[in-house]
Amino acid sequence: VSVGCDAMIPQLNAMGIGAERIVGSPSIDNLRAMFQSPAKSIAGMVAMAKEHKLRGVSWDVEPPNSTKDDAIKYTGYLKQLRAALAPLGVRLTTYNNQYNPVISDMDDIQHSVDRLLDGDTYNYRCDGCISGPQNFTGWLKHYHATVVNANISRDKAGVSMLASTERGDWNCEVSTMKERLAQI
């Protein structure tokens with residue numbers, strides 16, 4: 001429940017701007033419970049989509065300690081959710097990155113959603129670095145490896161953008177924003 005979203009969505013709808021709600025959980029245990037018994041949570045998301053006349057539902061989960069088995073179950077869960085949302089015309093999106101096992105298998109997850117939103121493209125930190133250089137050249141190389149490849153359907157892949165100095169000033173420089181947008 002989000003009071004801000006609940007107040008803003010009807011206004012967006014009135015202006016012809018579709019809204020998406022973001023669903024997430026920091027707990028792998030909560031997600032595993034949903035995967036095991038999906039009916040109640042899927043019914044709740046369908047009800048939310050109807051009530052708010054949503055254009056989409058977007059998942060953003062990056063729980064610690066997830067596994068490849070969780071990724072398989074997440075993909076199956078999303079497939080069921082997509083089937084429930086499709087008759088409403090509600091798009092299903094999931095955030096992805098290469099670093100969290102539950103969301104890292106873009107090749108498989110793409111078949112269970114309408115859109116992949118790749119967050120690997122927020123920034124680039126050299127491979128193996130905990131801290132250190134972040135740069136546009138590395139970002140391009142990384143983005144081409146994660147999103148622009150023969151295994152990912154081009155009509156499914158979206159590139160998530162981050163405008164924040166939290167991970168280096170280059171993210172917010174006008175020149176690099178223009179370069180990233182030109183690539184996209």
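**Salt bridges, sheet and rings**

Mentor: A salt bridge here is a side-chain nitrogen of Lys or Arg within 4 Å of a carboxyl oxygen of Asp or Glu. Keep in mind that this is a predicted model, where local features need pLDDT of at least 70 and side-chain atom pairs count only at pLDDT 80 or more, while totals for chains, interfaces and linings use all residues. Residues are numbered from 1 along each chain as its sequence is written, and side-chain values use heavy atoms, with hydrogens and water left out.

Trainee: Where do D114 and R82 sit, in the pair that links distant parts of the chain?

Mentor: D114 is in the loop between α5 (106–109) and β4 (115–118), and R82 is in helix α4, 32 residues apart. The helices (H or I, at least four residues) and strands (E, at least two) are DSSP runs, numbered from the N terminus.

Trainee: And is D114 buried, exposed or partly exposed?

Mentor: D114 is partly exposed, at 27% relative accessible area. R82 is partly exposed too, with 25% relative accessibility. The cut-offs are under 20% relative accessible area for buried and over 50% for exposed, with partly exposed in between (1.4 Å probe, protein chains only).

Trainee: How many salt bridges does a search of the whole structure find?

Mentor: The search gives 7 salt bridges. One of them joins the side chains of E20 and R91, at 2.4 Å from N to O. E20 lies in strand β1 (residues 20–23) and R91 in strand β3 (residues 91–96), so this pair ties together parts that are 71 residues apart in sequence. E20 is partly exposed at 27% relative accessibility, and R91 is partly exposed at 34%.

Trainee: What about R32 and D70?

Mentor: Their side chains meet in a salt bridge at 2.8 Å, N to O. R32 belongs to helix α2 (residues 28–36) and D70 to helix α4 (residues 68–85), so the pair ties together parts 38 residues apart in sequence. D70 is buried, at 2% relative accessibility, whereas R32 is partly exposed at 32%. Salt bridges that share partners also join D29, R32 and D70 into one network.

Trainee: Okay, switching to the sheet. What order do the strands have?

Mentor: It's an open sheet of 5 strands in the order β1-β2-β3-β4-β5, with parallel pairing. To count as a pair, two strands need at least two DSSP bridges between them. The edge strands are β1 and β5 (157–159), each pairing on one side only.

Trainee: What actually holds strands of a sheet together?

Mentor: Strands of a sheet pair through backbone hydrogen bonds, either parallel or antiparallel.

Trainee: How many bridges join β2 to β3?

Mentor: There are 4 bridges between strand β2 (residues 56–59) and β3, and the two run parallel. V57, for instance, has L92 as its bridge partner in β3. On the other pairing, β3 and β4 are parallel over 4 bridges, and N96 stands opposite D118 in β4. D118 also has a bridge partner in β5, namely V159, and 3 bridges join β4 to β5.

Trainee: Why is β3 largely enclosed by the rest of the structure?

Mentor: Because 5 of the 6 residues of β3 are buried.

Trainee: What about Y99, buried or exposed?

Mentor: Y99 is exposed, with a relative accessible area of 61%. Y99 lies in the loop between β3 and α5.

Trainee: Last topic, the rings. How many aromatic pairs are there?

Mentor: The count comes to 4 aromatic pairs. Rings of Phe, Tyr and Trp (its six-membered ring) pair if their centres lie within 6.5 Å, and planes under 30 degrees apart count as stacked, over 60 as edge-to-face and the rest as tilted. The rings of F35 and Y74 have centres 6.0 Å apart and planes at 45°, so that pair is tilted. F35 lies in helix α2 and Y74 in helix α4, so the pair ties together parts 39 residues apart in sequence. Both F35 and Y74 are buried.

Trainee: And W59 with Y77, how do they pair?

Mentor: W59 and Y77 are edge-to-face, 5.6 Å centre to centre with 75° between the planes. W59 is in strand β2 and Y77 in helix α4, 18 residues apart. Both are buried. Ring pairs link F35, W59, Y74 and Y77 into a cluster.
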